[in-house]
Amino acid sequence: MFETLSMIGLGYIGLPTATLFASRRKKVIGVDVNAYAVDTINQGRIHIVEPELDMLVQAAVHGGYLRATLTPEPADAFLIAVPTPFLEGNKPDLSYIADAAKAIAPVLAKGNLVILESTSPVGTTEQLAQWLAEARPDLRFPQQAGEEADIQVAYCPERVLPGRVVHELVSNDRVIGGMTQKATEMSIELYRVFVEGALVPTNARTAEMCKLTENSFRDVNIAFANELSLICDRLNINVWELISLANRHPRVNILQPGAGVGGHCIAVDPWFIVDKTPEEARIVRLAREINDYKPEWVVEKVKAAIAGVLSLRPDACMADIKVACLGLAFKPDIDDLRESPAVGVAKKIASLGCKVHAVEPNIKELPAKLQGTGIELSALGSAMADADVVCVLVKHCSFIEQVTEIRKHAQCIDVVGLFAE
Ligand code: SAJ
């Protein structure tokens, strides 16, 4: 039934998904507004960092199964994987989905399936179908004709972990939520092309909420760990020991405190729930607030350590103080600094007027945005030797290997449990 597919959005999810379809010999037309991404992919190369993906894209493009373009073309199924960021005030921004709807509407034809994959507030799939119906009054959509619709529409979220995307796209179970039974069945048939995990049917609203629930569940659990770290600090208890002891209970599994919650999903998606149901979503909101507060708390700890150093050196001022920040990435062993609480902490410390040595073994140079902020990228050894205060912000493997050296420093703040190793 599906010979030609179109993937709208060729980012971290869209490109690997498009490529996996292509690797199963489906003709895939990838569409993106970014001309650089389109050109790079058409040369058989990739514009993002993801293990295994480069080989797969090269084979798919050179085999003639994957092609990228700026303008949508007719296809049997359209999958939409565009960003859904939030605006000021934690309001979801659906403009990329609206733009995708506008772009594909002219090429839709009777019998097509449209699948939304972007993480979205509940009701977005219905909104997408509404936008499409307004643009194509000659076609019937599920909200008008149900099972008899000319165009079927479904919501099918991804749940892959960056760094393991190709493997997890194939092996993870997937929730398939059609606006109609027919849309669900068509979507299951489509994903069956490469997904080896279970394809579990539901409706579109439940599927939308399921994705948000998974990430909120993690956010709430991390917030509990972060709150415990504050409580234990106040009560002079080692939180890492406490958690490992509590986790020996057969039904307790507490996550790890850290510098805060970063990345593009867990720190964003819970707000989509809060935005729809502000009265009811109390834990969800509070978890966000607790996790967002954690980097501020870390900065306060660093400030207190700096004050301690200055009290011993009456002739010194802020500009004489050097702070080593170990880790900038949003989580261990990746090079992704976007939405990273560690970056926020480093910037805040630099804004106090002291010098910041950022030690981030997974990058070769500081991103342009961080240049000129008083932060300097340094090697671990020189940063440790020069620093008055050391703050461990990310538990990278390379820091675990050096833990004996790091813990020798007299003024060391460990917010990720490195010393519990
Ligand atoms: N973190 C902690 N303590 C922990 C675990 C994580 O502080 O015990 C922090 C990390 O350092 C990081 C943040 O949370 O700053 C998020 O990291 P993560 O590894 O929990 O998640 P992501 O953002 O890389 O990927 C998540 C995953 N969702 C869940 O595990 C429920 C992934 O499966 C989703 O596909 C992805 O979000 C997404 O795209 O939605």
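Predicted model: local features only at pLDDT ≥ 70, side-chain atom pairs only at ≥ 80, totals over all residues.
Visitor: How is the chain divided?
Guide: There's domain 1, covering 4–197, and domain 2, covering 237–420. Their C-alpha centres lie 36 Å apart.

Visitor: And how many residues does each domain give to the contact?
Guide: Domain 1 puts in 13 residues and domain 2 puts in ten.

Visitor: OK, where does the ligand lie?
Guide: Between domain 1 and domain 2, because both of them give residues to the shell around the ligand.

Visitor: Which residues come nearest to the ligand?
Guide: There are 19 residues around the ligand, and V160, K211, N215, R218 and F330 come nearest.

Visitor: You mentioned R218. How far is its side chain from an oxygen atom of the ligand?
Guide: An N or O atom in the R218 side chain is 2.4 Å from a ligand oxygen. For K331, a side-chain N or O atom is 2.7 Å from an oxygen of the ligand. With E158, that kind of pair is 3.4 Å apart.

Visitor: How much of the ligand does the protein cover?
Guide: On its own the ligand has 770 Å² of accessible area, and the protein covers 85% of that.

Visitor: Switching topic: what does UniProt place at residues 324–421?
Guide: An unreviewed UniProt entry has the feature "domain: UDP-glucose/GDP-mannose dehydrogenase C-terminal" there.

Terms used. Residues numbered from 1 in each chain as written. Heavy atoms only, no water. Near = heavy atom within 4 Å. Polar contact = N/O pair within 3.5 Å; in protein donor to acceptor, adjacent residues only side chain to side chain. Areas by Shrake-Rupley, 256 points an atom, 1.4 Å probe, with all protein chains shown as cover. Domains from an automatic or database assignment. UniProt positions renumbered as here; feature names shortened; annotations may be inferred. Contact = heavy atoms within 4.5 Å.
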